[in-house]
Amino acid sequence: MWNIIGHEWATKQLEQSIANNTDSHAYLFSGMAGIGKALLALRFAQALNCDEATGTPCLTCRTCRRIERGNHPDLRIAGMASQAVGLKAEDAARQKELKIGTVREWQRDITLRPYEARRRIFILHDAERLNEEASNAMLKTLEEPPPYATLILVANSTELLPTIVSRCRVLRLRPLPRRQVAEALAAHNVKPDDAAMLAAWSGGRIGWALQLVAQPEAVARRDEQLDALLALQSDGISAGMRWAEQRAKEYRSGEQESVFAWLELWQGWWRDLLLTAAGCPDGIVNIDRRDQLVQLARGQSLAQIHAMAMRIGQAAQQLRENGNPQLVLEHVVLQVATAR
Ligand SMILES: [Zn+2]
């Protein structure tokens, strides 16, 4: 029982490869954040080592349970989070790449035979952040992995060295259909209206949606954030500058993901405006704010709206490319505040 929502083609493929003894030594699971890649990697580790040895994880045997908790001696997990262990929040935030030291540590471990499981499993999260040096070190292991090891690279994009990608069996996970996310949420006792709303917000990221269900305060926070973003257009430039300053401070103190979440929320809003203005509101994300969207879309040209959505996306890109957070954010706020 994989107990995974969606991605049926992927679990079927992995199951068959175990059954036919054609499983690979190296995998790349790619797809957007919050889509279920980490869970799939964990389930695959269970399927490979489950005491029942049926090719499907039973989720109840001792091995499956220990892998689930992440404390099986033949399971190694590394990534940006493990690399940041022991660092101060600020230093951890400054880390943008997976370094060769992290890969080396991993590789030392790979030379060890399994203690008790059939296969030693190595999961590397954030593989898209391997720097060049670390990528090259990685290549050696991918070329000649020990026969008892399975390597699973997990990445939010496939922007890795092509030589790495070509040595892995690649499973590209796609966002789930909105309906499937809504059904899954309903099965978690979410009321139908809320399930529909969260499913729309999620953009098919089931992991993201479930996280929101687990933290009801996050729903309220999202609402507040959206209101704050909309106020940037009406509250004047100095209020906007204060907002930019706060976000820049957050960014520098290690809360980068939070700043990216703001920008994503903001860009999503402008995309919704674009869809509304273009007369195709079916695809909108903020379905709980349809009326507001209709109102705001009036009097703005498609070209203007499109330009703003693009502009916010560019700001996120500039931050990822190490742009000065305050300048980047001030610039975009200024453009929104003056767009009429
Ligand atoms: Zn099991």
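H14 passes H16 in a left-handed crossing, a crossing being left-handed if the near helix is turned anticlockwise from the far one by less than a right angle, and right-handed if clockwise. The model is a predicted one, in which local features need pLDDT of at least 70 and side-chain atom pairs count only at pLDDT 80 or more, while totals for chains, interfaces and linings use all residues. Residues are numbered from 1 along each chain as its sequence is written. Helices (H or I, at least four residues) and strands (E, at least two) are DSSP runs, numbered from the N terminus.

| Helix pair | Angle | Axis separation |
|---|---|---|
| H14 and H16 (residues 302-320) | about 165° | 9 Å |
| H12 (residues 216-231) and H14 (residues 256-277) | about 65° | 10 Å |
| H9 (residues 178-187) and H11 (residues 206-214) | about 35° | 10 Å |

The angle of about 165° between H14 and H16 makes H14 roughly antiparallel to H16. Angles under 35 degrees count as roughly parallel, over 145 as roughly antiparallel, 65 to 115 as roughly perpendicular and the rest as oblique. From H14, residues including Phe260, Trp266, Trp270 and Leu274 meet residues of H16 that include Leu302, Ile305, Met308 and Ile312; two residues are in contact if their C-beta atoms, placed from the backbone, lie within 7 Å. This H14 and H16 contact divides into 14 nonpolar, three polar and one charged residue, where Ala, Val, Leu, Ile, Met, Phe, Trp, Tyr, Cys and Pro count as nonpolar, Asp, Glu, Lys and Arg as charged, and the others, Gly among them, as polar.

H12 and H14 pack at about 65°, which makes H12 roughly perpendicular to H14. H12 passes H14 in a right-handed crossing. Arg222, Gln225, Leu226 and Leu229 of H12 make the contact with Trp262, Leu265, Trp266 and Trp269 of H14. Its residues comprise six nonpolar, one polar and one charged.

H9 also passes H11 in a right-handed crossing. Val181, Ala184 and Leu185 of H9 contact Ile206, Ala209 and Val213 of H11, giving six nonpolar, no polar and no charged residues.

An automatic or database domain assignment divides the chain into domain 1 (8-172) and domain 2 (215-338). The C-alpha centres of domain 1 and domain 2 lie 35 Å apart. Over residues 260-336, the chain is 74% helix and 0% strand, with the end C-alpha atoms 17 Å apart.

Technical notes
Axes fitted to C-alpha atoms, helices over the stretch in contact; angles between N-to-C directions.
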